[in-house]
Structure formats: C-alpha cells, structure tokens
Amino acid sequence: MPHRTNFLLSQLAPDILTQIAPHLSLVNLQAADVLAERHQRVEKVYFPHSGIISCVVELLGGDAIATGMVGNDGAFGASQALDDKVSLNHVVTQVAGVASVISADRLREAASEFPLLRVLLIKYEEFLFSQVQQTAACNAVHSVQARTCKWLLRMHDLVGVDLPLTQEFLARMMGVRRTSVTAVAGVLQKAGMITHSRGRIHIVDLRQIRDWACECYGDNPVALSTHVRFWRASTNEKDSFDDW
Ligand SMILES: [Zn+2]
C-alpha cells in the first residue's frame with residue numbers, strides 16, 4: 001500500500017489503514033506551497049512520504065523563524081484535526097515531495113472510530129512538543145556550529161545527502177544571522193564535511209557531522225520509534241498495530 005512509507009501510517013494495523021485508505025490521496029507538494037495559514041482552520045492533514053514541510057513563526061518585525069520540520073516520520077495537521085483547531089503557524093512546503101492527504105473532518109471521524117489511531121496521533125504530538133522543548137534548550141546553550149550539524153543530520157534523515165537547502169533557511173531554522181551560518185558552512189567545507197553551492201548543500205562526511213553535532217539530534221526517527229514503542233508496550237492493544 002503506497003501510504004505505508006509514512007512512519008505514522010505504517011504503524012496502523014492493516015484493517016485500520018484499509019478503512020481509511022479510500023479517504024487518503026497522494027499529492028505532489030511543490031516547494032513554497034502554503035499548506036496552512038496562521039489562525040486559519042486546518043482543512044487537510046498531510047502525511048509526507050518525501051520532502052519537508054516547515055512550520056514558520058512570523059514576527060511583527062518581519063522576521064520569520066522556521067520552528068519545526070515534518071517529514072516522512074510525521075504529519076502536519078493531525079492534532080488540529082482532532083480538536084478542530086486552527087493552525088498556530090504559517091506552514092509551507094520547504095522541500096518538494098509526495099504526501100498522503102486526508103480531510104481533517106474525515107481524520108477526526110476515523111480517530112473517533114479507531115481510538116488507537118487517535119492515541120497514536122496524540123503520542124506523535126507529545127513527541128513534537130518534546131522536540132520543541134529540546135530546541136529551546138539547544139538554542140540557549142549550544143553553539144551555532146553544533147546546531148548547524150544537528151539540522152544537517154535532521155535534513156539528511158528526511159532528504160538524503162543532497163540537500164536543497166539555502167544558508168538563509170538554515171539561519172531561519174536556528175534563529176541566527178545568515179552570516180553566522182555562512183561562517184560555519186565555510187568551516188565545515190574546509191574540514192571536508194560538506195560542499196555547498198548556491199541553494200544546495202551536499203553532505204560528504206556524515207560521521208564527522210555526527211561527531212560535531214550537539215546531543216539534541218538524538219536520531220529523530222529512532223527517538224520517535226522508541227516513544228511509540230514504549231507506548232505500545234504499555235498497552236494491551238499491541239495486536240492492533242502492524243509490526244515494524
Ligand atoms: Zn543542541
């Protein structure tokens with residue numbers, strides 16, 4: 001089933017996924033597509049299979065800081081759909097890709113019908129919240145160089161070694177000046193860890209980038225899997241999920 005290359009959808013037992021599959025459609029997300037506007041109702045929920053969705057906080061002074069990335073290990077809009085809430089951020093496609101999309105209304109109905117789907121989505125939101133907290137601590141304590149390496153690892157998880165990534169976007173992810181990122185990119189390139197050209201970064205030495213990254217990377221897909229695994233182990237409903 002094509003929807004299973006998204007981690008969250010892959011966790012659903014075949015009978016549950018079969019029930020909601022008719023309501024899922026595969027869509028191509030183009031870079032800069034706006035998926036939600038701040039304070040507007042979320043109409044659709046996206047489960048990416050490739051590419052990256054970014055949540056952007058826009059400040060009154062005109063600055064825009066990307067505060068979160070969603071890739072094939074997550075979803076955008078699920079928590080808002082569950083409670084019929086508005087989006088708190090401007091949400092755009094950062095890197096083009098493919099996603100399974102379902103209407104927020106239908107997902108809410110499905111979550112009522114299948115409680116374990118609802119809990120899975122809540123567990124994912126708990127994980128996202130923990131990541132936001134970790135990022136707050138990271139921004140306060142860790143160096144721009146270590147944080148740059150952390151984001152490169154996260155992007156590598158979602159896209160691979162060739163990153164359609166501008167230094168400006170990296171600066172927005174970290175809330176620092178672009179010149180700071182440019183200086184770090186120069187250091188990483190000189191050390192043979194990356195090459196970069198206009199709008200692209202190519203990862204050359206992943207191991208070295210792991211060595212230089214701060215502790216906050218934590219290997220996101222593994223961390224999310226572990227979070228879900230602990231929850232599944234604590235329930236008596238393990239058979240309602242597919243093995244992974
Ligand atoms: Zn950190």
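These are my notebook entries on a predicted model, from the chain as a whole down to single residues.

**Entry 1: the chain.** I began with the secondary structure and found ten helices and ten strands in the chain. I then looked up burial, and buried residues make up 36% of the 244 residues. Turning to contacts with a separation of 6 or more, I noted that 74% of them are accounted for by residues 24 or more positions apart.

**Entry 2: the nonpolar core.** I looked next at the largest nonpolar core, which has 62 residues, and listed those with the most contacts inside it as Val-45, Tyr-46, Ala-75, Phe-76, Leu-170 and Ile-209. Helix α6, residues 144-159, gives the largest share of this core, namely seven residues.

**Entry 3: Ala-75.** I followed one of the core residues with the most contacts, Ala-75, and left aside its neighbours within four places in sequence; Ala-75 is then in contact with Leu-8, Val-45, Tyr-46, Phe-47, Val-70 and Tyr-124.

**Entry 4: His-90.** I then moved to His-90, which lies in strand β6, a strand covering residues 90-95. I recorded His-90 as partly exposed, because it has 19 C-beta neighbours inside 10 Å and a buried residue needs 20 or more.

Methods. Residues numbered from 1 in each chain as written. Predicted model: local features only at pLDDT ≥ 70, side-chain atom pairs only at ≥ 80, totals over all residues. Helix = DSSP H or I, 4+ residues; strand = E, 2+ residues; numbered from the N terminus. Buried ≥ 20, exposed ≤ 12 C-beta atoms within 10 Å, placed from the backbone. Core = buried A, V, L, I, M, F, W, Y, C linked by C-beta atoms within 7 Å. Contact = placed C-beta atoms within 7 Å.
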